[in-house]
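This report looks at aromatic rings and their surroundings. The sequence and structure come first, and the details follow.

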Amino acid sequence: MAKSPTPYRALTPERRLSLVMSALAKHKGARTLYSQRLAAKGGGFRAATLISWPVEKLAREFVRLQAQTPQDELELLQLLYVDLEPQIQITFLDVAGVKHDAGAIPEELELPYADADAVARGVAAVLTQHGDDGRHYLRTLVMYNLASWPGLDTELANTETAS
């Protein structure tokens, strides 16, 4: 059986490109970091050359060569669901009764953020209101933050066998 792609790699190439371009625009050190990742992949370009490339060209090559590390993927997904498109996370947190500021969870909040019943309500609301995009968000939580959401993997699996 083929291994499922990570939530980041499950995004379309266009969506990954858009995320990388957003990260390059938002985070000061991203250009240097992504240039170093590309240079390490090989291909004959030095990081100093890659840094001078236009943002779109650098982002395209970064996505094309799949130069993202697992940590980069996580950070790009966090950028997507907390900064760029927080509405899915806001739905989930509101229905689960978790304190947040426009989708950003306060660092002092202790794990788990909600009990299994609240998580189940959040899953149902996200799937109802956001469809496949919501499902992708929930898969992202399962992969990267399951300890914070008791029963999330079971809830999500139940909805996938039911559909």
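## Charges over aromatic rings

In this predicted model, Arg16 sits over the face of Tyr8, at a distance of 5.9 Å from the ring centre. A second case involves Lys57, which lies over the face of Trp53 at 4.3 Å from the ring centre.

## Aromatic pairs and the cluster

Six aromatic pairs are present in the structure. One of them joins Phe92 and Tyr137 in an edge-to-face arrangement, with 5.9 Å from centre to centre and 65 degrees between the planes. This pair links distant parts of the chain, since Phe92 belongs to helix α6 (residues 87–96) and Tyr137 to helix α7 (residues 116–145), and the two residues are 45 residues apart.

Phe92 also pairs with Trp149: the ring centres are 4.9 Å apart and the planes stand at 70 degrees, over the 60 degrees that marks edge-to-face, so this pair is edge-to-face. Here too distant parts of the chain are linked, with Phe92 in helix α6 and Trp149 in the loop between α7 and α8 (152–162), 57 residues apart. Phe92, Tyr137 and Trp149 are among the members of one aromatic cluster, which also includes Tyr81 and Tyr113.

Methods:
Residues are numbered from 1 along each chain as its sequence is written. This is a predicted model: local features need pLDDT of at least 70, side-chain atom pairs count only at pLDDT 80 or more; totals for chains, interfaces and linings use all residues. Side-chain values use heavy atoms; hydrogens and water are left out. Rings of Phe, Tyr and Trp (its six-membered ring) pair if their centres lie within 6.5 Å; planes under 30 degrees apart count as stacked, over 60 as edge-to-face and the rest as tilted. Helices (H or I, at least four residues) and strands (E, at least two) are DSSP runs, numbered from the N terminus. A charge sits over a ring if NZ of Lys or CZ of Arg is within 6 Å of the ring centre and within 35 degrees of the ring normal.
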